[in-house]
Amino acid sequence: MFINWKSREINLKIVYYGPALSGKTTNLEYIHLKTNPCMRGELVSLKTRGDRTLYFDFLQLELGQIAGLKPRFNLYTVPGQVCYAKSRELVLQGADGVVFVADSQQQRLEDNLQMMRMMETNLQALGHSLRTMPLVLQCNKRDLPNAAPVSTMRQQLGFNGAPCFESVATKGAGVFNTLKAVINLVVSHAQRKL
Amino acid sequence: MRTGLVLPEKLGKQIDCILVELYRKTAAECVLLADITGQLIDAEGKTQGIDPGLVAALAAGDVAAMAELTRQIGEENPQGSFLHEGEKKSIYLFNVADSFILIVIFQADIPVGLMRLFVRRAAERLHPLTAEFEDVMGAPRQVSNTAFSTTLAQELDRVFEGL
């Protein structure tokens, strides 16, 4: 979080974290596509030639003046491939909230779990924990026939009490509900500090 | 661990002065200050045509990657500066106090040596000021909690209605 009292801006950083190909970039692409261009910046993706996230995607949202302040939300994704562990930690630095995008397919449950553990390690390295970081769980790809029950995913990932949303990011279902939830969570968490 | 940065108004003006001076002395296109998490702190100069928030995020990513890269080759204190010399425009990133990045975008015909000199001097003046940033936890309250969160929630519903 960065607050500039001269310009009355509040900058908050939200990171979409999750296993490879779970739909993190697709979330940002849909937000970029559907948001009024005057309220958002360019969507920048640092990708490999194979269209996989190499470092991060970045999208900035500005909601205008609210109660005399200008909130600005910087949305990032992390690269999901296992080999990019250090990059994920760097992107997570300074995060005010996290959306964990889990892949609902039965055969990806273990990958979700592995990535959740990595996130916990990253957060600990940065002085946070799953308990202290505002967190939203998004169970993506709910349209696939082999999707695991949400209750199973919640239980397995152990996000106690974290808001949970079902989504089909390719069609936009659940994308904005997730975004609104994480923004509200981050803001209420930030206000406890303010 | 610091949970967030607060830039008080008076400090903001002092930082403004240093950036404006750097911008004028070097004839740069623009001068930005960001923190290492990618948050834009201040911008001076001609920022039309660029997105300062995006430049700050990318610069932070670049500096973080380069710091890690230099650590891999055994550098004990990976920090310093990074220069991209373009055909028309160049960009110079300079670490300030390990936690901030001074970003200067300038025409490629401006001598790089001159740029390095003025940026280093500006960084030296910024260095003590960076210690005066307040932590969010210790900052004085300046906003009505309920008004902000209630209005924000309503605004989110309005902006994203039907999406």
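Guide: Welcome! In this predicted model, local features need pLDDT of at least 70 and side-chain atom pairs count only at pLDDT 80 or more, while totals for chains, interfaces and linings use all residues. Residues are numbered from 1 along each chain as its sequence is written, and chains are lettered from A and ligands numbered from 1 in the order in which they are written.

Visitor: What makes up the secondary structure of chain B?

Guide: Chain B has four helices and seven strands, in the pattern β-α-β-β-α-β-β-β-α-β-α. Helices (H or I, at least four residues) and strands (E, at least two) are DSSP runs, numbered from the N terminus.

Visitor: How do you know that the span of helix α1 of chain B agrees with its 18 residues?

Guide: The expected span is 1.5 Å times one less than the number of residues. For residues 9–26 that should give 26 Å, and the end C-alpha atoms are 26 Å apart, so the two agree.

Visitor: Why are the buried residues of α1(B) said to line one face of the helix?

Guide: A residue is buried if 20 or more other C-beta atoms lie within 10 Å of its own, exposed if 12 or fewer, and partly exposed in between, with C-beta atoms placed from the backbone. In α1(B), B:I15, B:I18, B:L19, B:L22, B:Y23 and B:T26 are buried. Seen down the axis, they fall within an arc of 135 degrees, so they line one face; the arc is that of the directions from the helix axis to the C-beta atoms. On the other side, B:E9, B:K10, B:K13 and B:C17 are exposed. The cover over the buried residues includes β2, β3, β6 and α3 of chain B.

Visitor: What makes β3 and β4 of chain B edge strands?

Guide: Two strands pair if DSSP finds at least two bridges between them. Five strands of chain B form an open sheet in the order β3-β2-β6-β5-β4, with antiparallel pairing, and β3 and β4 each pair on one side only. β2(B) and β3(B) pair over five bridges, with B:V31 opposite B:E44. As for what packs here, α1(B) touches β2, β3 and β6 of chain B, its direction making about 40 degrees with that of β3(B). Such angles run from 0 to 180 degrees between N-to-C directions, and axes are lines fitted to C-alpha atoms, for helices over the stretch in contact.

Visitor: How do you know that β1 of chain A and β1(B) pair?

Guide: Three bridges join them, and the strands run parallel; pairing asks for at least two, so they qualify. A:F2 stands opposite B:L5 there.

Visitor: How many residues of chain B are in contact with chain A?

Guide: Contact is called when two C-beta atoms, placed from the backbone, lie within 7 Å. By that rule, 40 residues of chain B are in contact with 38 residues of chain A. On the chain B side, β1, α1, α2 and α4 each supply at least two residues, and α4(B) gives the most, with ten.
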